[in-house]
Amino acid sequence: MRTSTLAAALLGTGVGAVALATLWPGERETVTASSHREAPLIYNDPAADNTDVYAFRSPDAPNTITLISNFIPLQEPAAGPYFYPFGSDVAYDINVDNNGDAVPDITYRFRFSRPTAGVSPATGKTSSLYNTGAITDLNDADWLYKQTYTLSRIQGGTETVLGTNLRVPPANIGPKSTANYDALANAAIATVGGMKVFAGPRDDPFFIDIGGVFDLLTIRPGAPGDMGGGIDGLSNYNVSTLALQIPISQLTNDGSVPTDPNDSTRAVLGIWSTASRRSMRTLSFGDTTSTGPMVQVSRLGHGLVNEVVFPTDLKDAFNGLKPQNDFATLSSLGRLDIVTDPEFAKLLNAIYGLTVPPAGRTDIIDIFLKGIRVPGMNLRPAGVQPAEMLRMNVAVAQKGSGDAGYSPMGVIGGDISGYPNGRRLSDDLTDISI
């Protein structure tokens, strides 16, 4: 677990086009991606594709929660000249439910400008290049393709703008263009509304042996995969990160900082991220215009749910579904068995002969739709509405990799500060879920 600043430590440095770095050492075996191109419609819309959601108590500020939502999967770092701007026609939301009814009580909304086409200082004209010299700060005139954003908070039906003209750092182009990239990224951390915020490219922290998983669930060196040998197929790829570091008191339903992990009424938050677009897109000569009501096109709470649980015919519908409608919709369609009798378990049995639990998996409903209850911690608010979202008990003290009792296997490894109690960057989400 990284433990210093919001951008460099909690999120990792965006991989550069020239100097590439491997995030994970390849010591763990995983069998599928979290949410990278997971449904037929969204894989044609990468700017709105939500890849992962993370939530944890901030190691450098324990009375705050860090919320991270990543978008635009599998970014090739050298993809110039324009790299991967956020969608200027997408509403990116991080949602928080603080009373268990599966309706967002607080939403943080990011809206991005269309990147500007700057004028080259050398020629006095617009250019085909991203930059015409070294980028030394966020206002550098040689950086020609800048993007800004507005952050707002929606609460009680009212949208409050927290910050405008916030800066997205440049892509990590290489040693000539972005020699001190960490400084550029850190300069893009803003403080607004009593919180810190960052939006920009980062090294994708998720580990997956992506080549093996789609080759008939190849597990290297062999099932069940607990001997290591997996290859990080996302190494050297970036994602576009939205990150917030928020005081706990701004998120709980009574403005407190709970200290009792069994107090699920006040201490448990439900967290998920969505992307929405307007319903109509009009193409014209050299331009596009979006009109109509906003439509949710991507959604993520727990990783793996859409990839592993939902069949192809329901994946796009899940991306548009509101959490409060999850249980009723699956029940009305007669498809609750996709949760209680998961296909993935049958595949592991068919391919590898692994013993898996029989149908009737109400425990999966308890863990992913209601929130687990374990000794010393309750993740299930009283009267909870069953819904798929990442739940976090904010009263649990955070453990990092150097702390006694830390485990990347989270709760099933005996570490109740890890997944599925929120999700740290170092949690082995795939192995835990399987």
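Start by selecting Gly371: this residue follows α10 and has a positive phi, near 110 degrees. Helices such as this one are DSSP runs of H or I with at least four residues, strands are E runs of at least two, and both are numbered from the N terminus. You are looking at a predicted model, where local features need pLDDT of at least 70, side-chain atom pairs count only at pLDDT 80 or more, and totals for chains, interfaces and linings use all residues. Residues are numbered from 1 along each chain as its sequence is written, and side-chain values use heavy atoms, leaving out hydrogens and water.

Now step back into α10 (residues 362–370) and pick Ile364, Ile365, Phe368 and Leu369, its buried residues (buried means under 20% relative accessible area, exposed over 50%, partly exposed in between, with a 1.4 Å probe and protein chains only). They sit on the same side of α10, because their arc around the axis is only 100 degrees, taken from the directions from the helix axis to the C-beta atoms.

Next, the aromatic rings. The whole structure holds 10 aromatic pairs: rings of Phe, Tyr and Trp (its six-membered ring) with centres within 6.5 Å, stacked if the planes are under 30 degrees apart, edge-to-face if over 60, and tilted for the rest. Select Phe86 and Phe112, a stacked pair at 4.1 Å centre to centre, with 10 degrees between the planes. Phe86 is in the loop between β2 (61–75) and β3 (90–97), while Phe112 is in strand β4 (residues 106–112), 26 residues apart. Both are buried.
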